[in-house]
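Try each task before you read its solution.

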Amino acid sequence: MITKKYLIPTLLISALLIFGISACTITDTGEDPFGEFSNFTLGGERIEFKSAKLTITGPVNISSPSSHVWAKLDLSTDEKFARPFIANSAVMSIGIQSVSNGKTLPDFPLQSGEYTVYPPTGITDATIIPSLEGKNFSNGPSIGLNYFQDELTFESVHDALEGKITIQFDFEKNMVKITHDWVTKEGVKATGTNNLPLNLSSFNP
């Protein structure tokens, strides 16, 4: 038999335990809370890119394991990625040089992983070229800000100088994730992540 003296503390402890368990309950909504998270910044200024396009531009029917597949990955702050670009939009272009994974179209020929960043104008130092064998690298990113439709030009263009980006292609979700860690020719730092929808349905994983 529990006396009244001990009954009240027992009830209080039980109530606290139930409240604590209820407060820590996590509801699974079935959604990935970070699935569309993007926080890309250029010089501390956030730029919200909303769409992406991928174009294979170079050879894919190759046999050498050190050969590169060329591609262009473009991002836009315009959700519809209209051409010509809409007024005040921003566009990022990345020239991808991906080491051949042995696949040919329609199999997806690009690798996910880290890419060493070089200027979008290309590599002018001939001593660097031999070191690129078997390594993924990119020409750019290059970012155009605030497009003027009347003049068909951007208010400013910011070209990468050096650094790295990491690109992850997600076939299950039709997404691309790009993580940035590079500087422009003017010394402006680019950091953060783009996580954007990308139509990969024309490729086999």
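**Exercise 1. Find out whether D74 is buried or exposed, then find its charged partner.**

Step 1: D74 counts as buried because its relative accessibility is 6% (buried is under 20% relative accessible area, exposed is over 50%, partly exposed is in between, with a 1.4 Å probe and protein chains only).
Step 2: Its partner is K72, and the two side chains form a salt bridge at 3.9 Å, N to O (a side-chain nitrogen of Lys or Arg within 4 Å of a carboxyl oxygen of Asp or Glu).
Step 3: K72 itself is partly exposed, since its relative accessibility is 37%.

A word on the ground rules: this is a predicted model, where local features need pLDDT of at least 70, side-chain atom pairs count only at pLDDT 80 or more, and totals for chains, interfaces and linings use all residues. Residues are numbered from 1 along each chain as its sequence is written, and side-chain values use heavy atoms, leaving out hydrogens and water.

**Exercise 2. How many salt bridges does the structure hold, and which residues does one of them join?**

Step 1: The count is 4.
Step 2: One of them links D181 and K189, at 2.6 Å from N to O.
Step 3: D181 is partly exposed because its relative accessibility is 32%, and K189 is partly exposed because its value is 39%.

**Exercise 3. Work out what surrounds D159.**

Step 1: Look for D159 in strand 8, residues 153-170 (strands are DSSP runs of E, at least two residues, numbered from the N terminus).
Step 2: D159 is buried but has no salt bridge, and K185, the nearest side chain of opposite charge, sits 4.1 Å away (Lys and Arg count as positive, Asp and Glu as negative; His and the chain ends are not counted).
Step 3: The D159 side chain does make a polar contact of 2.5 Å with that of S142 (N or O atoms within 3.5 Å, one able to donate a hydrogen and the other to accept it; residues adjacent in sequence count only if both atoms are side-chain atoms).
Step 4: Skipping neighbours within four places in sequence, D159 is in contact with P120, P141, S142, T184 and K185 (heavy atoms within 4.5 Å).

**Exercise 4. How do strand 8 and strand 9 run, and which residue stands opposite F169?**

Step 1: The two strands are antiparallel, with 10 bridges (pairing takes at least two DSSP bridges).
Step 2: F169 faces V176 in strand 9.
Step 3: In their hairpin, with 4 residues between the strands, N174 has a positive phi near 55°.
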